Amino acid sequence: MNIKTFAVEQWMNEYEVEAVYNIAETCVESLTVNELISIDGTDPEKFLVDLGKNKLTYGHIEGSPDFRRLVSNQYQSLDAENVLVTNGAIGANFLLLYSLIQPGDHVVAVHPTYQQLYDVPASFGATVDLLPLREENNYLPDLNELKSLVNEKTKMIIINNPNNPSGAIIEKEMLEEIVEIARSYDAYILCDEVYRKLLQEDDLVVPSIVDLYEKGISTSSMSKVLSLAGLRLGWIAGPKEVIYECFRHRDYTTISCGMLDDILAVHALKNYDKILDRNRKIIKENLSILDAWVEQEPLISYVKPRAGTTAMLKYDLPVSSEDFCIGLFKANGAFLTPGSCFDIEGHVRIGYACKTEVLEQGLQKVSEYLQTLNN
């Protein structure tokens, strides 16, 4: 299989561990095991003693009944049989594309987004057309442009909502229009929803694609919204025939996911609202800090994100995004992601959902570095 290097993951692999001020991280500040267990008043010591009584078998192959039921509760129209556990959302996306996309299929994918979503189907022999998300349109898709790209061979339209890297959110009305476009060609819609419900506006409700479309498929995970990337659990949620096809293909790649991870994930899902409240508080407070910083930084501008944990910062300097980020990292240990990882030069991606003091210190280091470049 011929496939391009996964730019953003390679970037994170190379620099993240040594970062002093990691403001490239895309998860909301991670929970410790004890914080997770005790979030509802459970005694961590007793929980871990009970956990230790489990025999380490393969566990439930599809994911435990509790896990699948609790995940299905996040959607309006699904039950446990519409859910399949995977190794993170990255495993969910890969398995879904591996199961449904064949050579000669046509795929339309938004861009910029997570590179996996457009380069994996291309590696399977599909023709992939990119639907550009432009800064001047607040990183929202142009639906007339989408209509011009789809055709009788279109197997799947791929979106990411909320969007990584921009933090844009496609609201219900536009989602319904995308559904009508897909339905007219009997195409699937895959929506990577790993940042779903991480919204800045309290009164905004954005439905999942699976609750709007009979051929809608949602992928997500425990990592971003629930701050539990270390569990490495995700899922595919969608039509039962899709779940069956993915399960059939998954036999070649995964026997089961970790049963201890499943137990911890079930505890988290039972306390979903508590964790979501914690995490929405973090993203709101931290975005206000980022917004104030952008306002006072003359070389920086941005489209303010409405959701998720990331934003694209535009800088007014004659330097490549990779050189900018490497220079910053070497100067003081502050860590950002170059826009080149998303094919957008003159920008860097920031992850603003880290610990608040790390964000504040990291932004100060970026300001200091900008001053050295502008002298």
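The legends below describe views of a predicted model, beginning with the whole chain and moving on to individual elements.

**View 1. The whole chain and its overall dimensions.** The secondary structure of the chain amounts to 13 helices and 13 strands. The C-alpha trace spans about 60 × 60 × 45 Å along its principal axes, and 56% of the 375 residues are buried. Among contacts with a separation of 6 or more, 74% are between residues 24 or more positions apart.

**View 2. Strand S13 and its covered faces.** Strand S13, made up of residues 347-351, is mostly covered, with five of its five residues buried. Both faces are covered: His347, Arg349 and Gly351 are buried on one side, while Val348 and Ile350 are buried on the other.

**View 3. The strands that pair with S13.** Strand S10 (residues 310-315) pairs with S13 in the antiparallel sense over five bridges, and Met312 has Arg349 of S13 as its bridge partner. Strand S12 (residues 337-338) also runs antiparallel to S13, to which it is joined by two bridges; here Pro338 has Val348 of S13 as its bridge partner.

**View 4. Helix H4 and what covers its buried residues.** In helix H4, which comprises residues 65-72, the residues Phe67, Arg68, Leu70, Val71 and Ser72 are buried. The elements covering the buried residues of H4 include strand S2 (83-86) and strand S8 (234-237), together with helix H10 (259-270).

Key: Residues numbered from 1 in each chain as written. Predicted model: local features only at pLDDT ≥ 70, side-chain atom pairs only at ≥ 80, totals over all residues. Heavy atoms only, no water. Buried < 20%, exposed > 50% of the residue type's maximum accessible area, 1.4 Å probe, protein only. Helix = DSSP H or I, 4+ residues; strand = E, 2+ residues; numbered from the N terminus. Pairing = 2+ DSSP bridges. Contact = heavy atoms within 4.5 Å.
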